[in-house]
Amino acid sequence: MAKHDHEILAVLAHEQGHLKKRHSLQQALRGIGISVFLLALTGDATDFLDGLPVVFATAQYSQEFELEADLHAINELKRLNIPPKHLADFLQRLHKSHGHDEENPVENILSTHPITSERVKQVEQHAK
């Protein structure tokens, strides 16, 4: 989907941000912590409703991690004298290809990624 080598570098810098910030480990630990808390609270980990708070909390943490990884990519691109706009361009193209509805609040709450317009806004704010 990338139209330019700089877009590929932007995506790689984003993924590097996840690695540097240890987002996978943090996500796993938070999921375990929420599950243990719910088990202690309810005494039963098999109830369907127990999983809902985990889904909501996980999605919110994941959205924060995505914005952090985007910020890492923005800073790396700037360090390399590559316009961060390449990250925004790729994100917008990816969004269009998936046909997401940013107006759907349920989709936004449950999504593991922030809405694209928020991510693009962050690129624009930090690109200077």
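**Chat about the chain**

Modeller: Happy to! The chain exposes about 8200 Å², and carbon and sulfur atoms supply 61% of that area; accessible areas come from the Shrake-Rupley method with a 1.4 Å probe, and for residues, only the protein chains shown count as cover. This is a predicted model, where local features need pLDDT of at least 70 and side-chain atom pairs count only at pLDDT 80 or more, while totals for chains, interfaces and linings use all residues. Residues are numbered from 1 along each chain as its sequence is written, and side-chain values use heavy atoms, with hydrogens and water left out.

Biologist: How many helices and strands does the chain have?

Modeller: There are 6 helices and 0 strands, where helices (H or I, at least four residues) and strands (E, at least two) are DSSP runs, numbered from the N terminus. Read from the N terminus on, the elements go α-α-α-α-α-α.

Biologist: And what share of the residues counts as buried?

Modeller: That would be 31% of the 128 residues of the chain. Buried means under 20% relative accessible area, exposed over 50%, and partly exposed in between (1.4 Å probe, protein chains only).

Biologist: Nice. Let's do helix pairs. At what angle do H1 and H4 cross?

Modeller: Two packed helices are described by the angle between their axes and the distance between the axes. For helix H1 (residues 5–21) and helix H4 (residues 85–98), the axes cross at roughly 85° and come within 8 Å. Axes are lines fitted to C-alpha atoms, for helices over the stretch in contact, and angles run from 0 to 180 degrees between N-to-C directions. H1 and H4 are therefore roughly perpendicular to each other; angles under 35 degrees count as roughly parallel, over 145 as roughly antiparallel, 65 to 115 as roughly perpendicular and the rest as oblique.

Biologist: Which residues meet there?

Modeller: H1 brings His6, Glu7, Ala10 and Val11, and H4 brings His86, Leu87, Asp89, Phe90 and Arg93. By class, the contact of H1 with H4 has 4 nonpolar, 2 polar and 3 charged residues. For those classes, Ala, Val, Leu, Ile, Met, Phe, Trp, Tyr, Cys and Pro count as nonpolar, Asp, Glu, Lys and Arg as charged, and the others, Gly among them, as polar.

Biologist: How do H4 and H6 compare in direction?

Modeller: The axes of H4 and helix H6 (residues 116–126) come within 9 Å and cross at roughly 170°. That makes H4 roughly antiparallel to H6. On the H4 side the contact uses Lys85, Leu87, Ala88, Leu91, Gln92 and His95, and on the H6 side Thr116, Arg119, Val120 and Val123. Their classes come to 5 nonpolar, 3 polar and 2 charged residues.

Biologist: Staying with H4, which of its residues are buried?

Modeller: His86, Leu87, Ala88, Phe90, Leu91 and His95 are the buried ones in H4. Just after H4, Gly99 takes a positive phi of about 60°.

Biologist: Over to helix H3, then. Is Ala69 buried or exposed?

Modeller: Ala69, in helix H3 (residues 48–79), is buried, with a relative accessible area of 0%. Ala69 and Lys21 are 48 residues apart in sequence, yet 8.0 Å apart in space, C-alpha to C-alpha.

Biologist: And what does His72 touch?

Modeller: Leaving out residues up to four places away in sequence, His72 touches Ala13, Gln16, Gly17 and Lys20. His72 is also in helix H3 and is buried at a relative accessible area of 15%.

Biologist: Where is Glu76, and what are its contacts?

Modeller: Glu76 is in helix H3 too, and at 17% relative accessibility it counts as buried. Glu76 touches Ala13 and Gln16, again not counting residues up to four places away in sequence.

Biologist: Last one: what about Val11?

Modeller: Val11 is in helix H1 and counts as partly exposed at 26% relative accessibility. Val11 and Ala73 are 62 residues apart in sequence and 7.5 Å apart in space, C-alpha to C-alpha.

How values were computed:
Contact = heavy atoms within 4.5 Å.
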